[in-house]
Amino acid sequence: GVYSKQNINKFTKHLSHKFMSYMYNTDYRVNYVTDGIKYIFGILPKEMIGSCFYEKVHWQQSELKKIRTLEEKLQKDTKRSKQIDTSFIDTNGNIKHIRMTKYAIVIENKITGYEGIIEDITKEKEHELEEKRLLKELSCLNELTNTINMFHNIDELLKNSTRVISNGCCFPKSTMTKIIFDSKEYVDIFVEDALCENTSDIVIDSKKRGYVTTYTKCLSDICIKNTYTNKIKFLDIATEQLGVALNNLILKQHLEDMANHDSLTRLYNRNVIKKEIKNELTKAKRHNRNLSVILIDVDHFKSINDTFGHQTGDTVLVELSKLFSKAIRSSDYAIRYGGEEFALVLPEASINTALEISLRIKEKVKNNQFNIDKNKINMTVSIGISSFPEHSDNLEELFKMADEALYEAKDSGRDAVYIYS
């Protein structure tokens, strides 16, 4: 061979606990090993002699394949040593990294075994991996920040955040991220037989609102401690960042909700006309569809306030708001237009549909006796209708025309429905 036992002994006796040398025959039975095996593999030399080198050590299948490939290369080129960096799992469940330099022992042009030196490079690899991990984590957290800045909707944010978190530094490609927020579930990809689970809570204003969980296929039968410790750190940081973003989105949505909804009835207010209704009319024009506007005024509402008081009057408006909301589709808009006046905007609804809804509302209000604060109150409403494309393609004009039709209904004696003409 390239080295005799005497040469290897001479070479290794001055080395630290980071090195060991060994020899084994073609059936992988060890016939020589130095004391360094105690410090690297945790196995006594006498326990290894006569045993199969690959059976005594807990190798991951991918790493064992690398060693087999190394031996195949040695069989093709016996004159040169071959070297690889590989890893195994020690008896404590930790990954240990080694550098394996191997030579073929050739006698009479025939390989009779292998000899080599193994160096423990765990610390060097851990430093290297730590640098890569930190860079990857930073990259993923930056991507999470970009995702947070990109999406201004909670559903879209959480849906895309699952993908970013799954790509976190310690996560193999077989990691699945699941986010639960306010009882709603968001999942990235499904990972079959995922065993290792880590969870971090989403806390907003000191209250748990959900959690982020990662499910990962274990890299081996033994849980690799340092890998999952790093994963938990990253998950906690990412979840905290996500929690801050969700808090900001909730606050933003609350402010938008206050800006676009009437504080008393919780219907939309007139601000919604500037954007949402304008967009609905644009879509109607683009796709050649109808859009109808209904204006409703409570007849003699001032007398209700004067007779029963403003608090009762407010309750009447709230009850009417509920009635109007139930009368239309979820895709329609119920708006408190001002005082005792309401607007209903119906995308993709013809004049006939708007008329049917208006008549139904008028009759329901007329035939309904409102019991409020022990008072039995009867009332009626007057209604005006306009529609695109029959009357106008301008939103302001449609509201103006519906208003004119409403006043015709009131002038006719109230408790009536009029279409603009």
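Glu 348 counts as exposed, because its relative accessibility is 52% and the cut-off for exposed is over 50%. That residue is a handy way into this predicted model, since its backbone is worth a look too: Glu 348 has a positive phi of about 60° although it is not a glycine.

**Backbone angles in the loops**

- Glu 348 sits in the loop that runs between strand 13 (341-347) and helix 12 (351-367).
- Tyr 28 is another residue other than glycine with a positive phi, here near 70°.
- Tyr 28 counts as partly exposed because its relative accessibility is 21%, and buried would need a value under 20%.
- If you are checking omega angles, look at Phe 388 and Pro 389: the peptide bond joining them is cis, with omega at about 10°.
- Pro 389 belongs to the loop between strand 16 (381-388) and helix 13 (395-411).

- Thr 34 is found in the loop between strand 2 (30-33) and helix 2 (36-40).
- With a relative accessible area of 9%, Thr 34 is buried, as the limit for that label is under 20%.
- A polar atom of the Thr 34 side chain lies 2.9 Å from the backbone nitrogen of Ser 21.

**Strand 5 and its partners**

- Strand 5 spans residues 95-107 and is mostly covered, with 10 of its 13 residues buried.
- On one pairing, strand 5 runs antiparallel to strand 4 (residues 82-89), and eight bridges join the two.
- Within that pairing, His 97 in strand 5 stands opposite Ser 87.
- Strand 4 and strand 5 form a hairpin with five residues between the strands, where Gly 93 takes a positive phi near 85°.
- Strand 5 also pairs with strand 6 (residues 110-120), again antiparallel, through 10 bridges.
- Here Ile 98 stands opposite Asp 120 in strand 6.
- The hairpin of strand 5 and strand 6 has two residues between the strands, and Glu 108 in the turn shows a positive phi of about 50°.

Key: Residues are numbered from 1 along each chain as its sequence is written. This is a predicted model: local features need pLDDT of at least 70, side-chain atom pairs count only at pLDDT 80 or more; totals for chains, interfaces and linings use all residues. Side-chain values use heavy atoms; hydrogens and water are left out. Helices (H or I, at least four residues) and strands (E, at least two) are DSSP runs, numbered from the N terminus. Buried means under 20% relative accessible area, exposed over 50%, partly exposed in between (1.4 Å probe, protein chains only). A polar contact is a pair of N or O atoms within 3.5 Å; within protein, one must be able to donate a hydrogen and the other to accept it, and residues adjacent in sequence count only if both atoms are side-chain atoms. Two strands pair if DSSP finds at least two bridges between them.
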